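Good morning, colleagues. Please have the sequence and the structure open while I speak.

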Amino acid sequence: MIKFSASPVRVMHHGRRIEMKITDYIGPEHIKLDLEGTSKSEVIEELVEHMAEVCSNCDADTILEAVESRERDGSTGLEKGVAIPHAKCDAVDKLRIVVGISKEGVDFEAQDGKPSHLFFMMIAPTTESGPHVQAIAKIVKMIKVPGFREKLLKADRPEKIIEAMERVENGEE
């Protein structure tokens, strides 16, 4: 089981420590509300395709290969309906994140054996180790906030997902 510290996730910026915000890495175009995939591999492919659409210099084939390789090492399906497929590869120049929602849920080999509904795919360049680990920790903290997952599942527009994430990141919930 993945465990993270309860302390704030911070990154260095011009020599100063600042709290990382997931919403600095995503906009409405990074969110796919109605994933069509019904299997783990289909959802991964769909999220990779979406990432390639919103990231003009991202190589979908390289990203797909990296994510599939990481999944072979162990499922990134957590619990409470959340999965964080992630990998490092040279197909991106900086941390990239896309979010997908599956109303029906998909068997993602989650730790609790339940279907996953919320997907946060992260790809980081091989030259960076901190940002994607910090982003995973931040998401793990966010999904523990009461009502947060439900708000994301009920969202009818990408902007509502970003708003819910910002509220949690800003300590308003």
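I shall describe the overall fold and then turn to the charged side chains.

Please bear in mind that this is a predicted model. The protein chain contains five helices and seven strands, and from the N terminus the order of these elements is β-β-β-α-α-β-β-β-β-α-α-α. Of the 173 residues in the chain, 48% are buried. Among contacts with a separation of 6 or more, 69% are between residues 24 or more positions apart. The chain exposes about 8,800 Å², of which carbon and sulfur atoms supply 46%.

I now come to the salt bridges, of which there are eight. In one of them, K32 pairs with E46, with 3.2 Å between the closest N and O atoms. This pair connects distant parts of the chain, as K32 lies in strand 3 and E46 in helix 1, 14 residues apart. K32 is partly exposed at 25% relative accessibility, whereas E46 is buried at 9%.

K40 is buried, at 12% relative accessibility, while E109 is exposed, at 52%.

Another salt bridge joins D156 and K160, at 3.3 Å from N to O. Shared partners, in turn, link K40, E71 and E109 into one network of salt bridges.

Finally, which residues form a negative surface patch? They are E42, E45, E49 and E53. E42 belongs to helix 1, which spans residues 40-54, and is partly exposed, with a relative accessible area of 39%.

Terms used: Residues are numbered from 1 along each chain as its sequence is written. This is a predicted model: local features need pLDDT of at least 70, side-chain atom pairs count only at pLDDT 80 or more; totals for chains, interfaces and linings use all residues. Side-chain values use heavy atoms; hydrogens and water are left out. Patches are made of residues with over 30% relative accessible area and no salt bridge: like charges are joined within 9 Å, nonpolar side chains (Val, Leu, Ile, Met, Phe, Trp, Tyr) within 5 Å. Accessible areas come from the Shrake-Rupley method with a 1.4 Å probe; for residues, only the protein chains shown count as cover. A salt bridge is a side-chain nitrogen of Lys or Arg within 4 Å of a carboxyl oxygen of Asp or Glu. Lys and Arg count as positive and Asp and Glu as negative; His and the chain ends are not counted. The place of a charge is taken as NZ of Lys, CZ of Arg, CG of Asp or CD of Glu. Helices (H or I, at least four residues) and strands (E, at least two) are DSSP runs, numbered from the N terminus. Buried means under 20% relative accessible area, exposed over 50%, partly exposed in between (1.4 Å probe, protein chains only). Contact means heavy atoms within 4.5 Å.
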